[in-house]
Amino acid sequence: MEHEQAYPPPAAPSAYPPLATPLSVIGPQYCYPQPVDLAAVRKVLTITEGNFAVTDINGNIMFKIKGKFFSIHDRRLLTDAAGNPVCTLRPKIMTVHDRWQVFRGESTEEKDLIFTVKRSSMIQLKTKLHVFLATNPKEDVCDFRVEGSWLERSCIIYSGESNTILAQVR
């Protein structure tokens with residue numbers, strides 16, 4: 001049984017060591033001093049609305065993802081456990097690499113852009129994404145790299161082009 005809890009819930013211990021230098025992309029209020037094991041859980045799926053939750057290992061909801069799958073704007077909204085908007089995810093129309101943009105709160109204005117995500121190549125057997133922070137407009141080198149598999153329900157987030165693991169989902 002899952003239950004909602006006010007953010008931030010107490011962090012369950014993790015098997016992974018903490019990062020030497022904490023890194024905040026969305027905001028420091030979403031950072032913990034030690035690793036936290038999370039899981040993405042499909043809660044409800046209907047024809048027009050996709051609801052997912054991100055929970056800790058005890059089933060406490062940390063974040064929710066809500067959005068219209070078959071709409072003109074095709075937006076997703078990430079909220080905290082209490083339903084407060086954290087960021088909006090929106091696909092960029094007519095791009096070769098399936099680019100998505102992520103904005104602060106419910107905004108979709110350029111001034112609120114946090115980062116963009118694109119597939120590293122057009123043809124992939126496993127998902128490989130490049131993440132570029134808004135402070136990196138040239139996009140010569142990605143700020144983060146995400147590699148994973150929908151079938152295995154797992155991914156690893158790396159720092160730039162290095163092999164330094166920042167986060168894992170299993």
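I take contact to mean heavy atoms within 4.5 Å.

**Basis.** I am working from a predicted model, in which local features need pLDDT of at least 70, side-chain atom pairs count only at pLDDT 80 or more, and totals for chains, interfaces and linings use all residues. Residues are numbered from 1 along each chain as its sequence is written, and side-chain values use heavy atoms, with hydrogens and water left out.

**Cys-87.** I looked up its partners, leaving aside neighbours within four places in sequence: Cys-87 is in contact with Ile-26, Arg-76, Leu-77, Leu-78, Val-102, Phe-103, Arg-104, Gly-105 and Ile-114.

Buried here is under 20% relative accessible area, with a 1.4 Å probe and protein chains only. This core has 13 residues, and Phe-63, Cys-87, Phe-115 and Val-131 touch the most other members. Two or more residues come from each of strands S4 (60-67), S6 (85-91), S8 (113-119) and S10 (144-149). S8 gives the largest share, three residues. The core lies between domain 1 (36-83) and domain 2 (103-169), because both give residues to it; the bounds come from an automatic or database domain assignment.

**Whole chain.** I found twelve strands and zero helices in the protein chain; strands are DSSP runs of E, at least two residues, and helices runs of H or I, at least four, numbered from the N terminus. Of the 170 residues, 30% are buried. I noted that, among contacts between residues at least 6 apart in sequence, 19% join residues at least 24 apart.

Note on methods
Buried means under 20% relative accessible area, exposed over 50%, partly exposed in between (1.4 Å probe, protein chains only). A nonpolar core is a set of buried Ala, Val, Leu, Ile, Met, Phe, Trp, Tyr and Cys residues joined through side-chain atoms within 4.5 Å.
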